[in-house]
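Subject: Structure for you to look at

Hello,

Here is the structure I said I would pass on. Please open it first, then read the notes below with it in view.

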Amino acid sequence: MRQPVIAIDGLTFSYNGQPALENVNLRVAEGERLAVLGPNGGGKTTLLKLILGILRPSAGHIRVFGDLPGRHSARIGYVPQRLDGMAERKDLPITGLDVVLMGLLAPGRIGFRHSRDEVRRAEEALAQVEMPQVAGRRFCELSGGQKQRVFIARALVSEPGLLILDEPTANIDPQGRFCLYEVLSRIGRGVTTLVVSHDMSILASGVTAVACVNGRLLHAAEPRLTREMVELLYGVHAPECPLDAYLRRMPPDIAVPEMEA
Amino acid sequence: MFEALSLPFMQHALLAALLAAVCCGVVGTLVVANRMVFLAGGIAHAAYGGVGLAYFLALPVLPVTVAFTVGAALVMAAITLRRVEDTDTVIGVLWASGMALGIILLDLCPGYKPDLMSYLFGSIITVPVGDLVALVVLNVALVAATLRYYNGFVAMAFDREFAAVRGAPVTMLHYLLTALAAISVVLLIRVAGLILIIALLTVAPSLAMRRAGSLGRAMVGATVLNVVFCLTGLWLAYRFDLTSGAAIIAVAASVFFLSLGRGVVCRRRGA
């Protein structure tokens with residue numbers, strides 16, 4: 001069997017003694033497209049940051065491309081969650097193309113200019129997300145959805161072996177003709193992908209497997225929630241509770257129906 | 001005005017102004033882009049502790065102040081990196097305590113008290129040749145470092161976490177930028193004074209960044225603006241016998257507020 005792209009064993013992570021993730025085990029095989037679902041505060045972003053090497057585990061092991069997280073940063077395309085902080089600023093003179101070119105940063109890279117080939121690749125990445133017109137525009141003038149697509153192009157430009165997207169559907173322009181789900185299902189074909197969301201609609205973006213995170217992690221090899229996963233995400237509710245009936249009525253292509261389970 | 005240019009001290013002052021313009025254009029743009037203006041203010045004031053230390057130990061002012069200020073700046077940089085919540089408070093305390101240390105050390109100095117006003121408000125007319133040489137060296141180092149790490153600096157300003165994930169040396173760049181800012185501040189104390197320096201570091205970069213297409217062009221634009229501010233300020237200082245540092249800052253601030261006012265009017269009109 002080929003080495004998995006991501007291998008996590010017995011991972012625990014605590015913030016100030018409060019465990020955010022406990023005993024997480026996960027394998028992501030090459031070419032797999034995994035959706036990671038979970039409520040806000042459930043530990044999804046923490047899991048991503050551990051995989052990216054931004055945070056270090058309190059216990060357990062993570063291997064990315066068979067190595068410690070952070071060692072193969074140049075092979076990972078990362079689309080961060082919010083456009084918060086620095087990227088939200090109005091005064092930075094940075095164009096859409098500049099932002100995409102940041103995806104070519106690598107350890108030890110120095111110098112001022114980008115080669116003609118790099119600029120061409122950045123323009124192609126913008127074309128892939130249907131945004132060639134923003135190459136010369138200031139990033140801060142773009143809409144939330146446009147920024148999100150530029151960030152996806154920034155992740156794609158390095159032709160990554162692993163694509164990691166944190167809440168990519170959080171900034172969709174409501175009336176945009178551009179369909180993010182269609183693009184997500186198209187761009188990552190063949191590329192190992194990890195897409196994190198609190199929104200179940202992400203299951204419709206061409207994923208091949210699903211994991212649910214809420215303190216602990218459950219994995220299913222098909223893009224359909226098991227009953228146990230539904231309970232992990234939404235909790236167990238008494239029969240009088242209206243949510244109980246709602247959860248039982250979830251469509252069979254999203255959650256495994258009760259009679260099958 | 002032209003006969004003034006034949007005077008050696010005026011030529012030195014002009015040269016100092018041009019060198020300061022480049023320095024503030026480049027470092028100032030990086031400082032403003034990385035939202036380190038408050039940090040730079042803290043560095044500038046803490047530098048007074050270095051001045052006090054130099055007089056107290058009866059050592060040459062410039063090297064001691066550079067060493068002290070870079071040290072204080074690196075402590076502030078470490079705090080900015082680690083503890084995000086109360087960074088402002090800690091920098092504020094270091095800002096004041098650096099200043100207080102300088103004042104106390106100068107009080108303890110026996111005998112002659114140097115004219116400290118020139119450190120606070122600058123005295124470009126009396127810039128010694130040694131300072132000019134130091135400024136030239138600094139400018140060369142500054143432009144070289146900026147060209148070498150330009151992409152890293154831009155990515156750090158825009159999205160620090162992403163830059164780190166891509167393997168850019170963000171922590172090193174953060175310390176490097178802070179150290180460059182500290183050295184610039186010390187060398188510019190003679191030009192603008194440590195109280196006024198913050199305006200030279202921020203006004204032109206923020207004006208240039210609003211219109212430029214890239215951070216690099218903003219650096220060039222900020223340098224040009226700073227040259228205009230410095231030359232106009234120097235002329236006003238000469239013509240009306242004003243303190244040169246204050247005159248330079250007054251010109252910069254007037255342009256800044258005119259531009260700000262124009263922006264507000266345009267936005268009201270929906271342009």
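**What was found**

Strands β1(A) and β2(A) form a hairpin with two residues between them, and N16(A), in the turn, has a positive phi of about 50°. Before going further, please keep in mind that this is a predicted model.

Y15(A) stands opposite Q18(A) of β2(A).

**The six-stranded sheet of chain A**

Another open sheet in chain A has six strands in the order β5-β6-β7-β3-β8-β9, with mixed pairing. Which strands are at its edges? They are β5 (76-79) and β9 (216-220) of chain A, each of which pairs on one side only. The twist in this sheet averages 15° from one strand to the next.

One pair in the sheet is parallel: β3 (residues 33-37) and β8 (residues 209-214) of chain A pair over four bridges. In that pair, L34(A) has A209(A) of β8(A) as its bridge partner. Helix α6 (residues 227-234) of chain A lies across β3, β8 and β9 of chain A, at about 35° to β8(A).

**Chain A as a whole**

Chain A has seven helices and nine strands. Its radius of gyration is 19 Å, close to the 18 Å that the globule rule gives for 261 residues, so chain A is as compact as a globular protein of that length. Along the principal axes, the C-alpha atoms of chain A fill a box of roughly 60 × 40 × 40 Å. Of the 261 residues, 40% count as buried. Among contacts in chain A between residues at least 6 apart in sequence, 67% join residues at least 24 apart.

**Chain B**

Chain B has 13 helices and zero strands. A compact globule of 271 residues would have a radius of gyration near 18 Å, and the 19 Å of chain B agrees with this. The C-alpha trace of chain B spans about 55 × 45 × 35 Å along its principal axes. Buried residues make up 50% of the 271 residues. Among contacts in chain B between residues at least 6 apart in sequence, 75% join residues at least 24 apart.

One helix pair to look at is α4 (residues 61-82) and α10 of chain B, which pack at an angle of about 145° with their axes 9 Å apart. The crossing of α4(B) past α10(B) is right-handed. Residues making the contact include V66(B), V70(B) and L74(B) of α4(B), together with Y175(B), A179(B) and I183(B) of α10(B). By class, this contact has 14 nonpolar, five polar and no charged residues.

**Where the chains meet**

Is helix α8 (residues 150-158) of chain B buried or exposed? Eight of its nine residues are buried, so α8 of chain B is largely enclosed by the rest of the structure. Among the buried residues are F153(B), M156(B) and F158(B). The cover over the buried residues of α8(B) includes α2 (96-101) of chain A, as well as helices of chain B, among them α7 (129-148) and α12 (215-240).

The contact between the chains takes 23 residues from chain A and 28 residues from chain B. On the side of chain A that touches chain B, there are 17 nonpolar, three polar and three charged residues.

Regards

Key. Residues numbered from 1 in each chain as written. Chains lettered and ligands numbered in written order. Predicted model: local features only at pLDDT ≥ 70, side-chain atom pairs only at ≥ 80, totals over all residues. Contact = placed C-beta atoms within 7 Å. Nonpolar A, V, L, I, M, F, W, Y, C, P; charged D, E, K, R; others polar. Pairing = 2+ DSSP bridges. Axes fitted to C-alpha atoms, helices over the stretch in contact; angles between N-to-C directions. Buried ≥ 20, exposed ≤ 12 C-beta atoms within 10 Å, placed from the backbone. Rg over C-alpha atoms; globule rule 2.2 N^0.38 Å. Left-handed = near helix turned anticlockwise from the far one by under 90°.
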